Amino acid sequence: MKVELVRTFFFEAAHRNPRGDARQQRVHGHSYRADLVVAGKVASEYGWLMDYGDIKALFQPLYAQLDHHYLNENTPELQDTRLPALRAWILERLQPQLPMLADVRVSIVGDLAFKPVQLEAEPSKKLPARWRFTFEAAQSLPQLPDSHPCHLLHGHSYRVEAGAADMESLRAALEEIYGGA
């Protein structure tokens with residue numbers, strides 16, 4: 001029986017896109033999702049296609065180059081840091097070691113735009129009506145030891161929830177802050 005197995009990894013990275021618009025050319029960051037898709041026949045002696053642990057072990061060296069790093073500096077052979085190029089970079093390096101690798105899907109966890117969703121009040125949790133949205137940013141925490149991954153420049157996709165009595169004024173203020181970022 002032929003099957004597909006998907007192993008998902010998340011990593012946090014900063015980058016800049018010299019080919020993008022003014023906002024993309026600045027250093028910023030994201031939370032990335034990488035789905036590694038392996039395909040093939042189930043090995044009858046085990047009853048599975050491949051051990052998740054083996055996929056993780058093979059991806060680990062690439063993960064170490066990506067997670068909590070500034071891609072433009074930490075991966076010099078990755079000149080283009082857009083999603084299609086990042087996908088191709090992973091695929092090119094992993095496929096020789098993982099011949100069953102059928103695809104690599106790379107996406108960003110956040111919305112990449114101000115797309116607020118209004119959430120209803122939850123009185124049982126003492127939460128007012130609120131707006132939920134995401135934003136992308138790069139950061140480093142230099143106060144941490146050099147050995148801590150957050151000491152390095154890296155990125156995140158952040159999710160925010162904010163509530164107020166006047167929801168429309170709040171939305172306008174949040175959009176202004178987001179747009180000025």
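**Close-up 1. Lys-126 in the loop between strand E5 (117-119) and strand E6 (130-139) of the predicted model.** Lys-126 is not a glycine, yet its phi is positive, about 60°. The residue is exposed, with a relative accessible area of 76%. Most residues other than glycine have a negative phi.

**Close-up 2. His-68 in the loop between helix H2 (52-66) and strand E3 (69-70).** This residue other than glycine also has a positive phi, near 55°. His-68 counts as buried because its relative accessible area of 11% is under the 20% cut-off.

**Close-up 3. Helix H4 (residues 83-94) and its buried residues.** H4 has twelve residues. From its first C-alpha to its last it reaches 16 Å, close to the 16 Å expected at 1.5 Å a residue. Ala-85, Leu-86, Trp-89, Ile-90, Leu-91 and Leu-94 are buried in this helix.

**Close-up 4. The largest pocket and its lining.** The space in the largest pocket amounts to about 650 Å³. Its lining holds 24 residues, and those nearest the centre of the pocket are Arg-23, His-28, His-30, Leu-112 and Glu-136. Helix H1 (22-25), strand E2, strand E6 and helix H5 (167-180) each give two or more residues to this lining. E6 gives the most, with four residues. By residue class, the lining divides into 13 nonpolar, six polar and five charged residues.

Technical notes:
Residues numbered from 1 in each chain as written. Predicted model: local features only at pLDDT ≥ 70, side-chain atom pairs only at ≥ 80, totals over all residues. Heavy atoms only, no water. Buried < 20%, exposed > 50% of the residue type's maximum accessible area, 1.4 Å probe, protein only. Expected span 1.5 Å × (residues − 1). 1 Å grid on protein atoms, 1.4 Å probe; cavity = no way out; pocket = protein on both sides within 12 Å on 5 of 7 lines; lining within 4 Å. Points joined across faces, edges and corners; volume = space filled by probe spheres on them. Nonpolar A, V, L, I, M, F, W, Y, C, P; charged D, E, K, R; others polar.
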